[in-house]
Protein chains: 2
Amino acid sequence: MNKRIESTQNSLVKHWKKLVTIRKERDQTKEFLVEGFHLVEEALIRQDTVIQLLVREDIEIPAHWTAPVIEITAAVAKEISETEQTQGVFAYCKQPQYEETAQDNWKKLLLIDAVQDPGNIGTMIRTADAAGLDGVILGKGCADPYNPKTVRSAQGSHFHIPVIRAELSSWIDRLKNNKITIIGTGLQNAVSLNELKPQSDFAVLVGNEGSGVDAELLSTADQVVKIPLYGQAESLNVAVATGILLYSLRAE
Amino acid sequence: MNKRIESTQNSLVKHWKKLVTIRKERDQTKEFLVEGFHLVEEALIRQDTVIQLLVREDIEIPAHWTAPVIEITAAVAKEISETEQTQGVFAYCKQPQYEETAQDNWKKLLLIDAVQDPGNIGTMIRTADAAGLDGVILGKGCADPYNPKTVRSAQGSHFHIPVIRAELSSWIDRLKNNKITIIGTGLQNAVSLNELKPQSDFAVLVGNEGSGVDAELLSTADQVVKIPLYGQAESLNVAVATGILLYSLRAE
């Protein structure tokens with residue numbers, strides 16, 4: 001028989017609630033919560049990720065969902081939900097960890113400097129996944145990849161592509177040692193997107209919504225690319241710009 | 001001397017509040033409100049757009065802001081603001097209207113079918129502006145382009161590029177008469193993005209976040225394009241996909 005939790009005062013419920021609302025709780029425990037059928041399905045595909053499924057008592061779950069289930073009441077579901085109309089299913093997850101040694105084989109990367117909006121970070125993780133990259137590196141000042149808004153906009157890509165937080169300058173040194181071209185984005189001393197050639201290995205470096213990539217970091221790039229603006233817009237959304245760049249590099 | 005409004009019960013304040021919260025109010029009056037220095041600046045550049053500027057009493061505005069000013073109290077600013085930390089400046093605007101006859105000269109267009117998220121619509125308007133298109137046509141089921149979230153994510157592009165609401169099927173007929181190629185997005189009978197050639201005139205047709213372009217509408221496209229997914233993501237965000245397509249068509 002499944003374990004059942006009825007009270008919003010239960011200590012596990014309090015922990016889950018903190019996981020969706022407080023970054024420190026996620027950082028300290030290296031756990032997070034995902035919500036909704038699609039994301040739970042994706043979480044279950046990745047081994048050793050789901051600790052428990054939390055399922056509202058009126059919900060029937062698919063037979064192939066084999067992780068341990070905790071039955072919860074509508075009040076508990078509402079307490080831990082981040083949406084207005086919850087589907088009543090959640091996966092309580094460990095944050096995926098990646099072995100240091102495997103990271104040396106990553107040859108197509110997205111490096112993100114200080115992008116603050118969780119929705120942008122999520123969309124960029126989804127885009128990097130779609131473009132078949134090996135990993136996403138989040139530098140200082142980025143939104144938490146396990147923020148519920150980030151998780152929702154990434155649509156399950158957290159379970160497909162490694163996402164790690166690290167010092168971007170160290171990563172750039174390491175990638176240069178491995179002869180991977182660092183392609184920064186900026187306006188000065190930049191070549192146009194139309195001159196960018198498709199490449200098999202690359203690291204694309206994008207930056208903050210308002211100020212772009214940190215100048216010192218950008219100066220270490222092998223090449224700086226600018227996306228032409230044909231109209232009157234002053235810039236593109238950073239996730240859209242990332243998509244345009246990655247797909248230009250992948251074009252065959 | 002400037003007019004001054006102190007009470008949140010003032011009838012104009014009630015109207016502005018409705019403009020930011022109720023779509024029907026915007027639709028009926030063909031007005032909207034923008035907030036923050038950047039958007040007010042952009043609104044002022046477009047002639048016959050700003051009805052009045054609303055400025056919190058402690059805020060100094062630039063000398064070149066020459067529209068009529070209404071001074072408002074902090075309480076009024078808070079009442080009509082959609083942000084947590086308001087900058088205290090607003091422009092009360094007319095929704096731009098576009099003459100029917102001019103529309104026959106539009107040769108680069110984005111047609112949007114039933115995209116529901118206001119942030120996506122705003123990002124797509126911004127992207128269409130950046131790509132130098134002549135207009136954006138929103139079909140049935142799209143979020144209101146004058147929703148405050150849409151306006152915020154478009155970053156002022158509402159004042160640069162025509163955005164109109166219309167029946168997409170009629171627009172497709174009209175564009176075909178004008179020999180403009182309709183490029184739909186979909187998965188079936190689709191050519192890959194990598195086979196798409198840059199073109200001087202085109203109408204790109206994109207659709208709903210979950211279900212894509214309506215099948216009947218899509219069947220009227222001259223060509224259907226699919227963006228390759230190299231990883232495990234099932235799809236791209238619709239605004240990112242739009243950016244990739246538009247910039248592929250604009251590549252030189």
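Which residues does Asn208(B) touch, not counting residues up to four places away in sequence? The close-ups below start there.

This is a predicted model, in which local features need pLDDT of at least 70, side-chain atom pairs count only at pLDDT 80 or more, and totals for chains, interfaces and linings use all residues. Residues are numbered from 1 along each chain as its sequence is written, chains are lettered from A and ligands numbered from 1 in the order in which they are written, and side-chain values use heavy atoms, with hydrogens and water left out.

**View 1. Asn208(B) and its neighbours.** Asn208(B) touches Asp113(B), Ala114(B), Val115(B), Gln116(B) and Val213(B), where contact means heavy atoms within 4.5 Å. You will find Asn208(B) in the loop between strand E11 (202-207) and helix H8 (215-218) of chain B; helices (H or I, at least four residues) and strands (E, at least two) are DSSP runs, numbered from the N terminus. With a relative accessible area of 14%, Asn208(B) is buried (buried means under 20% relative accessible area, exposed over 50%, partly exposed in between, with a 1.4 Å probe and protein chains only). The side chain of Asn208(B) also reaches the backbone nitrogen of Ser211(B), at 3.0 Å.

**View 2. Where chain B meets chain A.** Each chain brings 32 residues to this contact. Together the chains bury about 2600 Å², 58% of it on carbon and sulfur atoms; buried area is the accessible area (1.4 Å probe) that two parts lose on being put together, summed over both. In chain B, Arg126(B), Tyr230(B) and Tyr247(B) lose the most area to chain A, together 25% of what that side buries. Across the interface there are 18 residue pairs in polar contact, both residues at pLDDT 80 or more. A polar contact is a pair of N or O atoms within 3.5 Å; within protein, one must be able to donate a hydrogen and the other to accept it, and residues adjacent in sequence count only if both atoms are side-chain atoms. The count of salt bridges between the two chains is zero, a salt bridge being a side-chain nitrogen of Lys or Arg within 4 Å of a carboxyl oxygen of Asp or Glu.

View 3. Because 13 of its 13 residues are buried, H9(B) is largely enclosed by the rest of the structure. At the N-terminal end, Asn237(B) caps H9(B), with a side-chain oxygen 2.8 Å from the backbone nitrogen of Ala239(B).

**View 4. Salt bridges within chain B.** Side chains of opposite charge can pair when their charged atoms come close. Glu100(B) and Arg174(B) meet in a salt bridge at 3.1 Å, N to O. This pair links distant parts of the chain, 74 residues apart: Glu100(B) sits in the loop between strand E5 (89-94) and strand E6 (108-113), and Arg174(B) in helix H7 (residues 168-177). Glu100(B) is exposed at 51% relative accessibility, whereas Arg174(B) is buried at 18%. Another salt bridge joins Asp58(B) and Arg56(B) at 2.7 Å, N to O. Here Asp58(B) is exposed, at 54% relative accessible area, while Arg56(B) counts as buried, at 15%.
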